[in-house]
Amino acid sequence: MEGTGSDIVPERTIKPDENGDTKTDAANLQEKDPLSTKESVSFVVIHNKNKFDVQFPLDETVSKLKQHLQNIINVPQPLQKVMYKGLAKDDKTLREIGITPGVKVMVVGSKLDDVLAVSTPSTLVAEEKAHVVSKEPLCRQKLHKKVIDKGIPDDVLPGIRDAKEPLPPFPLCGMLNMSGGKVRLTFKLELDQLWIGTKERTEKIPMTSIKNIISEPIDGHSQYHIMGIQMGTSDASRYWVYWVPAQYVDSIKDAVLGPWVSDLTC
């Protein structure tokens, strides 16, 4: 019995491309979106208590994931911190950091408008230049000299000059504050908070409320820095920390201010 017209599937014409080659629709799609053929994983991204279902290739890097997320969470790539079992490095792939189906990945970071509302890069640069031009070195100022003259604390972490290391997975401790008391810095990146701990109490500071961070090597002990963490709009709002190991200074600024701001203030 012959089929009716409704049973006949019309032959699809495959048009040649500009080089005269003919390809199927699937082949053309693969060329347009090469990521679609890679092994992907579905997981949940959490940002500011909002949840987003994301599917992304396992063998793409964290840096590529940030690019993908910036239009989803409205946070520029340089301001994002991807947290999964700790801070995920940009050059690691999702497979390397252990992403599996259904896991929750935390992303911290403020929207650009929020950051600019707190402090603009031009303001930070102006403050830093004014500090360098108009003031003598911090360690020679009477305000700081009384703490510096006590010498290197016995239990402070070893400092390394001319080096940059990522923040350790434990608090930076053994340093001193302006009163000469012991202080520790804990970087709670998953909460976007800096915890400043003393014997008496621990202050939990939102990183977005920190306007600037300045630092200078200590004369005669350049493996350590004096660091001022500015909470408000004036110099008087700075919380001073002494004997900060030099190898962690840049990473502290990156973690708190974001790389794009800390680069401008260096």
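Predicted model: local features only at pLDDT ≥ 70, side-chain atom pairs only at ≥ 80, totals over all residues.
Helix α6, residues 249–257, is mostly covered, with eight of its nine residues buried; buried here means under 20% relative accessible area, exposed means over 50%, and partly exposed lies in between (1.4 Å probe, protein chains only). Helices (H or I, at least four residues) and strands (E, at least two) are DSSP runs numbered from the N terminus. The covered positions of α6 are Val249, Ser251, Ile252, Lys253, Asp254, Ala255, Val256 and Leu257.

Residues are numbered from 1 along each chain as its sequence is written, and side-chain values use heavy atoms, with hydrogens and water left out.

Setting aside neighbours within four places in sequence, Ile252 is in contact (heavy atoms within 4.5 Å) with Leu167, Leu172, Phe187, Ile213, Met227 and Val244. Ile252 also belongs to the largest nonpolar core, which has 37 residues. Such a core is a set of buried Ala, Val, Leu, Ile, Met, Phe, Trp, Tyr and Cys residues joined through side-chain atoms within 4.5 Å. The members that touch the most others are Leu172, Met175, Phe187, Ile226, Tyr242, Trp243 and Ile252. At least two residues of this core come from each of α5 (142–148), β5 (172–177), β6 (182–188), β7 (193–197), β9 (212–218), β10 (221–230), β11 (238–245) and α6. There is also a second, separate core of 21 residues, and Val45, Leu69, Ile99 and Val107 are among them.

Although Trp243 is not a glycine, its phi is positive, about 70°. Asn74 is another non-glycine residue with a positive phi, about 60°. Asn74 sits in the loop between α2 and β3, and at 47% relative accessibility it counts as partly exposed.

What does the side chain of Gln230 reach? Gln230 is part of strand β10, and it counts as buried at 1% relative accessibility. Its side chain reaches the backbone oxygen of Gly232 at 3.0 Å. That pair is a polar contact, meaning N or O atoms within 3.5 Å; within protein, one must be able to donate a hydrogen and the other to accept it, and residues adjacent in sequence count only if both atoms are side-chain atoms.

Now for the charged pairs. A salt bridge is a side-chain nitrogen of Lys or Arg within 4 Å of a carboxyl oxygen of Asp or Glu, and by this rule the count comes to eleven. Glu39 pairs with Arg95, their closest N and O atoms being 2.9 Å apart. This pair links distant parts of the chain: Glu39 is in the loop between α1 (25–32) and β1 (40–47), Arg95 is in the loop between β3 (81–83) and β4 (104–108), and the two are 56 residues apart. Both partners are partly exposed, Glu39 at 49% and Arg95 at 40%.

Asp90 forms a salt bridge with Lys66, with 2.7 Å between the closest N and O atoms. Asp90 lies in the loop between β3 and β4 and Lys66 in helix α2 (residues 62–73), so the pair ties together parts 24 residues apart in sequence. Here Asp90 is partly exposed at 37%, whereas Lys66 is buried at 7%. In a further salt bridge, Asp235 and Arg238 bring their closest N and O atoms to 3.5 Å. Asp235 is partly exposed at 39%, while Arg238 is buried at 9%. Salt bridges that share partners also join Glu39, Asp59 and Arg95 into one network.

The cysteines are quickly told. A search of the whole structure finds zero disulfides, a disulfide being a pair of cysteine sulfur atoms within 2.5 Å. Cys139 is buried at 8%, and Cys173 is partly exposed at 34%.

Finally, step back to the whole chain. There are seven helices and eleven strands, and 41% of the 266 residues count as buried. Among contacts between residues at least 6 apart in sequence, 53% join residues at least 24 apart. The chain exposes about 15,500 Å², of which carbon and sulfur atoms supply 52%; these areas come from the Shrake-Rupley method with a 1.4 Å probe, and for residues only the protein chains shown count as cover.
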